[in-house]
Structure formats: C-alpha cells, structure tokens
Protein chains: 2
Amino acid sequence: MRKVGKNQVLDHFQEIDRLWRPRAIAVVGLSDKLGNMGQMFAIALKNQGFKGPLVGVNPGAEVKSLPSVRRLQEFEGPLDHIIICVPAREIEGVIRDAVEKGVRCAAMFTSGFSEEGHEEGRRLEERIAAIAREGGLRLIGPNCMGLHYPPRGLSFRPDMPAAWGRAAMTSQSGGMALSTLMNCAERGVPLGKVVSYGNECDLTAQDFIRYFADDPETDRIVMYIEGTKNGPELIQAMIAAGRKKPLIVCKGGRTSVGTRAAASHTGALAGSREIWQAAFRQAGARVAGSIDELVDLIEAEERMEKPQGRGLAVLTISGGFGVFATDVAAEHGFSVPQFSDATRTAMAKFINFPGTSVKNPLDMAAAIFFQGDHVPIYAPLGQDPNIDAVLVLLSIEYIHLIEGFGPLDPVSFTKWFLEQMFKGLRAAGKPAAFVFFESVKQAQRLEYVKLIRDSGFPVFPTVERAMKALAEKVGNR
Amino acid sequence: MRKVGKNQVLDHFQEIDRLWRPRAIAVVGLSDKLGNMGQMFAIALKNQGFKGPLVGVNPGAEVKSLPSVRRLQEFEGPLDHIIICVPAREIEGVIRDAVEKGVRCAAMFTSGFSEEGHEEGRRLEERIAAIAREGGLRLIGPNCMGLHYPPRGLSFRPDMPAAWGRAAMTSQSGGMALSTLMNCAERGVPLGKVVSYGNECDLTAQDFIRYFADDPETDRIVMYIEGTKNGPELIQAMIAAGRKKPLIVCKGGRTSVGTRAAASHTGALAGSREIWQAAFRQAGARVAGSIDELVDLIEAEERMEKPQGRGLAVLTISGGFGVFATDVAAEHGFSVPQFSDATRTAMAKFINFPGTSVKNPLDMAAAIFFQGDHVPIYAPLGQDPNIDAVLVLLSIEYIHLIEGFGPLDPVSFTKWFLEQMFKGLRAAGKPAAFVFFESVKQAQRLEYVKLIRDSGFPVFPTVERAMKALAEKVGNR
C-alpha cells in the first residue's frame, strides 16, 4: 500500500493502473524547431486520438503546434502525466515543478544519465528520483519512450499502430518497444499496453510485470530486457507472473561485450548469462534470441495450440526442403517420425504418383499438387500417435511451378491450394505452422502470407525460426 | 582421357564443356496432358531461347506443342542432349535408343530409383549406367533437373532467370538448384552454369567441380550437397578446386534423421558431420547452413572484400540494435572494439548531440541523422587500426522517424541519407555490409534494399545472417 496525495490510499495495481488513463498530458520541452523531439510525442498523442487536454511547456517561447504554457504551474486543472524532453541539465527544475503541480507520472525521454557511465549522470538520476519519491510523483525513465495504450489515445511515436491486442510489453529499450509494436501489428498480432522504461530510476520492469500479471486486459507478458539494478526482485516478479500468464522474454547483452554495450545503452547491470537463463527457466518463460524471434514467439503464442510432444509431420513441395527441415527439427529437439500404418494406408489412396510413396517429410508436389480435396489426406494425422504438430513448407518457386506451362493462373491456383491446405489442417486438428520461404516475387509472397495469417495459422520465413518458436512453445517444463 | 565416338579423344574438361552447348535437344516423354513434366522442360528451353532444333518424343502419340517423333532414331541430324521424363519402367529402352542414336548426354528427370531405397531401383540404375557407359553416353541423374546455361538457351524451368553471372553451381537437389538460381537473380548476383545432378549414376558432383575449377567462365563454385557415393574422390576434387577458386558449400542431411531424409531424397550416403566439416575446412570452403545462408554467402562474396581481421564498427540508429549486434558479433568471433583516439577526435566534431558521445556501436540517430555530409564522419575508420569492417544497421521504423512531425518526406530523406552513407563508407574504404531489418512497409523496404545493392553493398535481413556471412568470408584459415 502506498499513500498518494491527501486522502487516497492505492495498492500497487491501482497505482500503476491509473497511469494508463491520464486526464491531461503536458509535453515539456516542446518547441517549433525542426527535429524537436517533443513534436514527436505531441503528434503521437494527437494521432492516437488522446481525448483530454494536451499542452506544450516551453519556458522561453510560445509554441505553435499546441496550446502552451511557460511552466507546468500555469496550466489550470489536473495534469496527470507529463512527457519530458528537455536536456538533462534542466530536468531537476521540471521535476520540482511537476511535484508542486501534483502530476502523477513523468515519462522522461531525456538521456545523459547513468547510461553514460559518468558519476555526474548517476547522481543527477538519484537526485530527481529522491525529489519525485518525496513528492508522490512516479517516474518512468529517464532515457525511455514511456507509455503506449491506444484505447486511451496514449502513444510515443506518430506512426505507432492503433490496433490493440492482449499481449502487454515491458521494454528497457525504446527502440525495441517500437520495433516490436510495429512488427506485431504488421503481422496481425498487435500488442496491448506497452511501457518503455529505460534507466528505471523509479518505476521498474518488475513494477509493470506485477501489474500486468493482474491486469484483466493482459493475457500474456512480453519483455525486452538488457539488465536490472535489482535482480532478486525482478526474478521474483517474473516467476510470480509466469504462474499466472505466459511470459515471452528477449534479453539484450547476453555476451560480455554485449553486456558492456547494454550498460552504455541503459545503464543496466546485465549479470551473467547463466543466472538469466536459470531465472527465465524458473519463470517458465519462452526465450527469444532477437526481436524477430520475439515477434515469432508472440505470433506462435496467439495462432497455435501447444503441441503435446515433439513428433512433427513435415509437408513440403520440394524434397530438398524436407531434408533441411528434418535437420533443423532434430537440432531443436523434434523428430520427423514415420507415419503410423493407419496414416500411411489412408494417405496411400491419394499419394500414388509414379515413383513416390507415403513418407515423412511428405512431398506434396509430386503427390497431391492436383488433388482437389486435402481433407482426407491430412485428417488421418489427427489420430496418428507419432505426430504432435504439422509443419508446412511452401515457397513461390514451387507452388508457381505450373507457371508458363498450363492453362492455370498460378495466383488463383495457389490461393485454391492454400484453402485446401487450411481445410485439411483443420480436419487434422493438430497444432500447425507454415514456413513460407522468402525468395522471389516478394509482393505476391506477402499476399499469400497474409492469407495464411488471416486463416489463423502462424507463418515464418525460415524453418529455423519456425522450429525455434515451436521449441519455446513446447518447452521442457 | 576418354575416347568418344570414332575419332575424337577428349579430356575431362572438353567432354563436360561441350555438354553445355548441344546442337539439338529432345524431350523424351513429352505429351499434351495437363501436368506432363516434359512440357515444363520444353517451355523452359523455348523461354530461354534455345536456338537449335527441339523435338518431343512420344511413342504413343503426336505432340502439339513441339515437332515430335515416336523414337529418337526418327529424328534426323545430330541430337546431342536429351531430357528424359518417362516413368522409370520405360527408361531402359530410352537409354538404348539414345546410345544407338549417338546422343552425348541424357539428363534424367525420372525418379523411382536408388532414392526409393529398394533393390529394384538400385539395380535398374546400375543397369542403365552400364548401358550408357558402354555406348559413350553420359548420364545426369536420375531424379534431377539437369543443366541451366542461359547463354546457350539451356534451362530446366520456364521461370528461370536469363541473367547470367560468374558463380557456377552443382546441386544434388533440383529444388535447391532452382531456389538458389531464383534467389540469386532476385538479389542481383545471378549464378552462371548450374547443374542439378540427383542420384549420380554416371556424372558426379566431382566431375562438375573439376570442370568448374578450370572453366574460364566460372569465378566461384557453389555446391548444394546431401551426400556422395565416393567421398575420397569428391573431397579431393573440392580441395583441388578450392585452391583455384572460392568454394561456397551448403550441406543437407547434417543430423542423423536429416541424413535418413537425404537418403530417401537422392539415395546418397551422407556420412558423418565431422568428416564433412573436416573436408570443407580442408577445401577452404565457406559453409552455409541453409539456402538463405548460401545466397547470403554468394552475395557477400560478390559485393564485399574480405575483412583483414575481426574488429567491427557498428553504425546504428537504435541503441538497442547496437546491443544485439554486439552480442551476435561476439558469438561469431568478432569484436566491437573502441575506436582509436584519432577516430574519436575526428568524429567528435560531428557527434555532439546533447548526452551522446563517440562510441562503438555508434548511434547515428542521435548523432548524425541530420548531418549533411557523412564523408568526414566515416573516413577516419579507414585509418583506425581497431576496425576491419563496417556493419550498418537500418530499419524503416528508425529512418522514418521523421514521419509525421516535420516538413521532410521520409522516402526522399531516406534515399538522401543512404547516399550520404554510401559516400561515407566508400571514403572509409573498408569492407562494409548492411543489415536492413524486416519489419514494416515491406514494399518500401525492398526499394531501399535494392538501392543498397545497386550501390554495390551486400545487405542482409538480420544481424545473425550478416555475421554468419562475414564469419565465413573471413574464415579461420
């Protein structure tokens, strides 16, 4: 419990929860100069449709783009949230003004603090934290992007998606937050509440993780982390949250040099790789090695059920891809076992092209490329005890095989072929994922990929990324 | 030396060399039926502009799409090359006809031989090889796509690129040959001569590798391999070729299950991973783990010089990406060292945004995003003893940062920014590669990627793939 203002007593959940719903916001350090970062925040809030009053603060001049004041105190009415873009040397005055004005939360974009590795920055950071703590003001940052919450018109960049999902994210890096936000929206699995928290001089990753674990708007929690100042507390929060909701984690600074780079990025202590891995395992987290993999995991989490085991059916339209997929599957702890006798008998009615037989990986090009109805071909997989999940490998150069030597239009044919696959996979009823290789005709490929995603299946550009996502999804817990 | 026909004595080079220049070609097993694979080959040859006579062979019927005969013998004039698409059970008769007709080479698309794992297929394969050997007919395959050589109008799929480069390829898998062909063409580094050789009942990978090593049209040799029937001979050929030209290798079937899948794909004995790795090392080969990586290596080979060491300058527009890149670089044996004092002093004239300093990774967004001329910023890297190569990390979400809050059009700005980078990197004069992350606005991204490639720099979608390519390029030899 924490005492706030004169009469209110809020618990942790309530205190964080109300940060996402400010009544009015000020952008401190807004100016009309080209390249002024305050403009980015102001336009982001306008684009996202923030409903409450929005005000610019500039002690030196009036600002054209927003109603503006010279000091926070000049604004009339309650001001719940401020975004600070002034240089580090001016920050102390702004924080004092914010306390005096009764602001609930300040998100500090400003950098030049502990992440710079000098004593002066570290001391300044401690000083403003003390002032804020004393005055009941919560701080996000410094060196961060702050909060993103489309339902209340909150965001930190003009081009952030308005789409809204049920995966919340804490990110130490602002860049990683916005990359993940944009990637996820582009892939049709938009994030929900997002916080970029930077140097954590007050509010920490664990504060938000504890909140997200109880937040009814959040079904899963995504983290990008470089390090922490309080390992035991963070790990405790992750383990507690992991009991309630799936955790998906990406760690920057996993090597000693990366750790040094992380320290100079957000001033965080990255700790040893082994400790982090143990913590992630204890929290039951799915762990991504890059932002691409992080988005893969989010997509796999949203678009497929967890496989019950590690037996994989591989459907392909090129024998060579099947060979590769088998290697990669093995390297991720999966097997590509023979189908059961029942499956083989059932499939053999359709897979009877001269010289081919029912095998796993199953070469569809030779076997079922021109089969009308895929349902009876895949349905037996649903009862096959050897098979826990299905991986489909496609690429334009194979499904456009018919191009140039037949009366069929390759695009219409492919869409029809995909629809048959979707029906067949649904009939099998086991978790399924697609790999659609990136090679040629990228625009056309994107259309097919969208069709697959719109049909509810996850799709990845390489077997490696698909298997990484599946392996993390299955876990060894 | 090998005696051919009545009077000719050809050495190995001459014998393989003339296979790429047939005077006339027959497609055996051509029919007008939908899905007939002979049509694919016939249209491929027409599309690629094969100049000589082209004839279909169908014992049962006349064919509409090409002048046709019922047997090879009915064709008048020399017939140097035939492509065989008949079922396996009819192949023996065709081979006998070809010998009788004096055909030089038969590429056999037909499958259903040793790759099926049954004794019958193996025996049939041996029998046709013996007949051909006896009759002076060379065989490619069975279970393969054959030859691709645009300058003489030779190809195996209607949609293969006509573009033509100086990297030759041997591929055990037809699918991998055409994926690599299309990928390389799409990335502006087209392949040269390509052979898909399948089951190797006569002509082998080593036959073509020996030839490519001496071929004046070939500057580098690319291999996709699943296994071999004669390891010592193949390895000898690779080592000999590796002394003359760079070898770039991709191996399918690197795990025991993948090996099993490979055996059922092309009937090859894959051997142990350790033996292959030792062989590749001895041949000085660059080794790719997937077809994507294979194309990455080809691009890196064509578009950048070999770095002299493992010190990397990382230029980024997001601190978080810099942290990741540092990790990945370390994992591939590279370092991201501090710049020399001279570099820092020179760069500090430009990198003077409040709160930032000259660091490696260098955060360009904060520092030089709006600098007009990048030449004086990067040029010092040319003299920096700590730096051997430059890695530039870009993504649309950062270079389009200006979107929505300024008078600048982001596309024009980005193109201008890229041009500045190109000039700067050329002034530095050290090997340089780009990573342009895939996230949003894919079509726009492709335009930037093309701009980078057209300017002569290699570009990769992830840091992992860039570092893999650089590591193989630098080697440990």
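View 1. Two copies of a chain are related by a rotation about an axis and a shift along it. In this predicted model, chain B is superposed on chain A by a rotation of 180° with 0.0 Å of shift along the axis, and the RMSD is 0.0 Å. That is the relation of a two-fold axis. The same surface serves both copies, given that 100% of the contact residues of chain B recur in chain A. Among the residues of chain B, the one that comes closest to the rotation axis is Ala443(B), whose C-alpha is at 3.5 Å.

**View 2. The interface between chain B and chain A.** The size of an interface is often given as the accessible area lost when the parts come together. Here the area buried between the two chains is about 5,800 Å², with carbon and sulfur atoms giving 59% of that area, and 70 residues of chain B are in contact with 70 residues of chain A.

**View 3. The side of chain B that touches chain A.** The elements of chain B that give two or more residues to this side include the helices α2 (37-47), α5 (174-186), α8 (256-266), α10 (291-303) and α17 (442-454), along with the strand β13 (247-251). Which element gives the largest share of the side of chain B that touches chain A? That share, 10 residues, comes from α11(B), which spans residues 319-331. Sorted by class, the side of chain B that touches chain A has 28 polar, 25 nonpolar and 17 charged residues.

**View 4. An open sheet of six strands in chain A.** Strands of a sheet pair through backbone hydrogen bonds, either parallel or antiparallel. In this sheet of chain A the order is β5-β4-β3-β6-β7-β8, and the pairing is parallel. At the edges stand β5 (68-69) and β8 (138-140) of chain A, each with a single partner strand, so one side of each is left without a neighbour in the sheet. Within the sheet, strand β3 (residues 25-28) of chain A runs parallel to strand β6 (residues 81-84) of chain A and is joined to it by four bridges; Ala26(A) has Ile82(A) as its bridge partner in β6(A).

View 5. Side chains of opposite charge can pair when their charged atoms come close. Glu126(B) forms a salt bridge with Arg122(B), and their closest N and O atoms are 2.5 Å apart. Both residues, Glu126(B) and Arg122(B), lie in helix α4 (residues 119-135) of chain B, where they are four residues apart, about one turn of the helix. Over all chains, the structure holds 64 salt bridges.

View 6. Most residues other than glycine have a negative phi, and most peptide bonds are trans. In chain A, a cis peptide bond with omega of about 0° joins Asn360(A) and Pro361(A), and Pro361(A) has its place in the loop between α12 (341-348) and β16 (362-363) of that chain. In chain B, the peptide bond from Asn360(B) to Pro361(B) is cis, with omega near 0°, and Pro361(B) is found in the loop between α12 (341-348) and β16 (362-363) of chain B. Asn143(A), although not a glycine, has a positive phi of about 65°; Asn143(A) lies in the loop between β8 and β9 (146-148) of chain A.

Key. Residues numbered from 1 in each chain as written. Chains lettered and ligands numbered in written order. Predicted model: local features only at pLDDT ≥ 70, side-chain atom pairs only at ≥ 80, totals over all residues. Heavy atoms only, no water. Least-squares fit on C-alpha atoms with pLDDT ≥ 70 in both. Contact = heavy atoms within 4.5 Å. Buried area = accessible area lost by both parts, 1.4 Å probe. Nonpolar A, V, L, I, M, F, W, Y, C, P; charged D, E, K, R; others polar. Pairing = 2+ DSSP bridges. Salt bridge = Lys/Arg side-chain N within 4 Å of Asp/Glu carboxyl O.
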